[in-house]
Structure formats: structure tokens, C-alpha cells
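Open the model in your viewer and keep the sequence panel beside it.

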Amino acid sequence: MQVTRTHCTIWRNRISRFSSRAELDLNLTRKPDPAPVTITKQAFTAQLQSCSSHPDQLKQLHAVILTAGISVKNSLLTRLVTSFIALGETCYARKVFDEMHKPRVFLWNTIIKAYVKDGDFIEAAAVYRRMHRLGVRPDEFTYTFVVKACGQLLPWAGPAVAAHAVKYGFEFVAEVRTELVIMCVRCGELGLARFLLESMVERNLVAWNAIVAACVQSGHAAEALDLFRRMCVAGVKPDAVTIVSAFSACGQLGCLETGEEIYGIMRQCGIGCNVIVANAWLDMYVKCGSIDMAEALFEDMSRRNVISWSTMVLGYAMNGESQKALDMFSRMQERGFAPNHVTYLGVLSACSHAGLVNEGRAYFKRMVQSGDKNIQPKIEHYACMVDLLGRSGHLEEAYNFIRSMPIEPDSGVWGALLGACAVHQNVELGQHVADVLFELDPANGSYHVLMSNMYATAGRWDCVDKVRLKMRKRGAKKVAAYSSVEFNGKIHIFFGGNRFRPESSEIYEKLEDLLRQVKNIGYTPNTTSVFHDVGTEEKEATLSHHSEKLAIAFSLLSLQPECPIRVVKNLRICDDCHSFCKFVSKATKREIIMRDKIRFHHFRNESPMS
């Protein structure tokens, strides 16, 4: 049977009538004849428009096409695919896409972009591989999305797709170049990233923002601040996005001085302080240990959201103000803000630092029983509970708590228990926990060092040698301890015993003078912090050159007398250095703010505040 104009008119009228109905009537579209019928563009477009915001109706329209044997051109199917993607139905869009005959590169790009937007980077890369295998020639838009996807799959995917971009001549397209720079940042290739950035023909605000944000998110905060300064020198005016990234970088590094400089740039450029910018500013103050300034900013904010409240709860907890953290948590709920998982992390941290075991148990139980997916305990909440129980001496309860976890405990959870075993010198349980950690994270030398220190404290030097031998055989590396301070807009880094700085002789001379002062008012080196089988004098010599002591001596030489001394330590501060800071604060009448791996330690008014 030959399809006539009359047949097409009948089908067009039937399809068009669907647009006035709530759903498709599939019975109307049963073909009376096996011959395929071509829907006109107008009829299909009318129906597509009528149900473009209803995924179920779109699926029914697709079913009509399949069951009725209707022939639809690729251009119309493209509209169907893009409609599904716009509604978040990426999987179904992919099914329609896979049925198409030789889809255009635009549609390949659309599918890849959808997967990237959904965070499914593996599937985005798989679509690109299929596209490449079928000989479909990509365009510049392809690599904008593909490089972004493969940048998340390093090291195996990124270099290959970068080579493809160069092969097809798209590496100088601004958007592709930007994504290549971001990819290099994420894999730690900062030199290559800088080269690519320098060779970009056009470095607009979008490119700068993307690169600065990538540095912050990848933990390269110093590089982010350097790029921010270069951007300003290049005459590119920052916006709110830039300022948020810059504040975040300052928070990571503990650079309050630079943070205040960025606030000045923000005001100079007329950038409004919306709630997102204010939250980043607030977070910067908290992470620099300026809890009083954070408090003042918070109270002055015209608008707050759950992030604002959670930042303050966590900030008080980190800075040793546990009761203020719990009070802020209560105030938050009184104002009608529902806490999220970050808020509860701050609450549990506050309980842990203050030894509020019963309160911590109650808050955790509330999370578990709430039924609210936004506050269901995550792995970090379990680690915090283990730390709370362990440090308060409930080691067996902490161990049983781990064994009963509904999710697989990671090295962070077991590491919290090992730390508690070290505090309470429970070598037997510590041995068991360390064995678990050696299997979970064999390359992490910190667990070997902690177990070795426990044996050393117990005087079991033979076991110390065995752990260190095991560490060497496994190739586990100990993280080098260092401390940093900010002065004149630069970050000055100190390693224990390091004498390579130009002002090293002055620093060591100042440190020796400090040691004499604090010993005269009661400081006694805590040699239990040295885990080597050597004499007392050698232990004291080792202690005296710890990185935080060098950083404090440098700060006393460099900073104005009224300025607090702010030190950032990459590991936990040892007991001896904690005692040293207390006596230095007393002897010099200076406030010392020490941020270590876990929390802040404030020394003011001659005594430690946390």
C-alpha cells in the first residue's frame, strides 16, 4: 500500500489532537496498515511542545514512534533527546540516542555534556571513546566537555584526551585550553598548567576564575593566591566568584593578612557582599583562628543560611569554644534553620573536645533516628564518635562501635581509635588496630610512626625496631612535619632543625634566648615526646628545634609587638611544644594562635585557652 497525502493528513490530525489531552492515547495510534508512515515536522513539533515538560508523556510519544513504525527524521529525534536531557532524564535520552542513525556531532556533545553535568565522568568518557571509534570528527565543543570529564579520571584518561585535542588542533580554543589547565592543576602538574595559562591568547575572567577555583579545590592554595594576584596585575577585574575562591585559599593557608587584603580589593571593585561571599569570608576568619572577628561578621550579616550557622558551629568547635558551639546550634534551630551533616560534625567535634560523652551519644542517636537523609551519619561522623569515645577512655566501647558500623570503616575511623590508644597507652588494643590500618593503608607511614611511639613510651625498643623495619619494607613514608607563618603577604615555612633560611642564625639565637626565658619561669622540656633510645640531653636538643618553635622565634623577630603570633602546623602539635607555647605567651605577653591538623590552640593571658 502506498502512503498518500490523505494518509499523512489523517495521521497528522490524530497526532495534533494529542496536544489537547493530559496524556497520549496509545490506542489511537495503532497503525491500520503495516506500511511505515512519515510524521510531518509540524505534527511532531506540536506534540513535542505540548509534553516537553512532562517526561512520562515524552516517553509515551517515543513509544508511539516505536510501536507504530513511524519514520522520524534525526532532526526531530534530536529535539526529543534534548528535551529528555533538559528534564534530567539522561539515561532515557541515551536510549533514544543509541537508536539514531549517524547522529550529528552536536548530539554527541549534548550527551557527553549531560553526563558531565550529572557527574558521571566514566560514562562521558565512554561516549567519547565510541564517538572516536566510529570516526565521528569532534569539534571544539566536544573537548570542552571531554577534557572536563577526563580531568576527573586522571591519571589514565587525562593525557590521552589532551593528546587528541592537540591532534585535532583545538588546544588553542579558549574554553578547551582552560579545561586543559584545570586538568593539569588537578593532577599536580603546576608547571605545565602555568605554561598553558601563559600561552593562552585570551585569558578572560571566566578562565581565571576556573583556574583559581581548580587550584583551591585541589589543595594548591598558595598557587591560587599567586594566580589571583597575577590576574589583578593583568588588569582583569575580579568578581564575586573570584573573591570566594581567594577567601577559601586564605582559609586553607591560615593567611589572615592576605584575607584582609582581598576584602579591600572586594570593596575597591564594588563587589557586593551577598550571602555566598559572606560565608566564604566567615569561613576564612574561622580557619585563621580569628573567632572573635568571625563572630562579629556573623552578627552583622543581613542574611544567613544553613552554611553560615554551620560554619560558626564548626568554627567554635575547632577553636576550643565547645559550649559556644552547642549554644549556637540551639540558637540556629530556634531561628528555624534545620541543621545538616556539617552542623552535626561541628556539634560532635565540640563534644569530643570538651569530653561531653553523654551529650555526644545523644546527638549521634538523634542523627541515626531522625530519618532525615540530610543528617544521616557519614563516615566522618563515625570517626568523630570514635574520637569522642576513645579520648574519654571508653576504648572498648569505641572498638565495639566500629565493629557495629553499618558502613565499612575506613582508615580515618580506625586511625581515630589508634590515636586514642596512644593517648591512654593501651598497647594491646593499639597493636590490633595498627594491624588493620597497615592492611587498609600500607603506604601511610603515620600509623607506623604512632605505633612505634607507643612502643617507645612503653620502653619496648625491640618492638620499635620491628615496626620501623616493617615500615621500610613496605615503602611507607613519614610525612615531614613543618610549620608556617604569614608575614608581609608571604608564607614562611619552617622544618625542624632546618638552617637554610638566610636569617637562620638570628632565628636560632632568638630561640635559645626564648628557651632560657621560659625555663626561668617553670618550663621543663617534656622528653617523653622524643621517641628515640638516646640520652636526656640529646632528647632536649631534638625538642628545642621543632618547626613550631622556629616559627614562633621568627614571628617574634618579625611581627609588631601588638600582633598575635599565628602558626599553622601540618601535623598534631606535640605535648612539649604545647607547653612551650604556654610559657612563651606568659614570658612575652603575646597571644599565640596555633592551628594543627585537628584544631586550634589559643594561648593568651598567660594560659592556654584551648
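Two residues are in contact when heavy atoms lie within 4.5 Å. Among such contacts between residues at least 6 apart in sequence, 64% in the protein chain join residues at least 24 apart. This is a predicted model, in which local features need pLDDT of at least 70 and side-chain atom pairs count only at pLDDT 80 or more, while totals for chains, interfaces and linings use all residues. Residues are numbered from 1 along each chain as its sequence is written, and side-chain values use heavy atoms, with hydrogens and water left out.

**Whole chain.** Select the protein chain and color by secondary structure: there are 31 helices and six strands. Both are DSSP runs numbered from the N terminus, helices being H or I of at least four residues and strands E of at least two. Of the 610 residues, 47% are buried, meaning under 20% relative accessible area with a 1.4 Å probe, protein chains only. The chain exposes about 29500 Å², with 52% supplied by carbon and sulfur atoms; the areas come from the Shrake-Rupley method with a 1.4 Å probe.

**Cores.** A nonpolar core here is a set of buried Ala, Val, Leu, Ile, Met, Phe, Trp, Tyr and Cys residues joined through side-chain atoms within 4.5 Å. Select Ile112, Tyr143, Phe247 and Leu417, which touch the most other members of the largest core, a set of 140 residues. Next select helix H16 (residues 275–287), which gives the most to this core, with nine residues. A second, separate core has 28 residues, including Leu556, Val567, Phe583 and Val584.

Which residues surround Ile112 once its neighbours within four places in sequence are left aside? Its contacts are then Ala124, Val127, Tyr128, Met131, Thr142, Phe145 and Val146.

**Strands.** Go to E3 (residues 565–569), where four of the five residues are buried. Strands count as paired if DSSP finds at least two bridges between them. E3 has two bridges to E1 (residues 482–487), antiparallel; Ser484 stands opposite Val568, and Ser483 is the bridge partner of Lys569. E3 also runs parallel to E4 (residues 592–595), joined by four bridges, with Ile565 opposite Ile592.

Glu486 stands opposite Ile491. Two residues lie between the strands of this hairpin, where Asn488 takes a positive phi near 55°.

Note on methods. Buried < 20%, exposed > 50% of the residue type's maximum accessible area, 1.4 Å probe, protein only.
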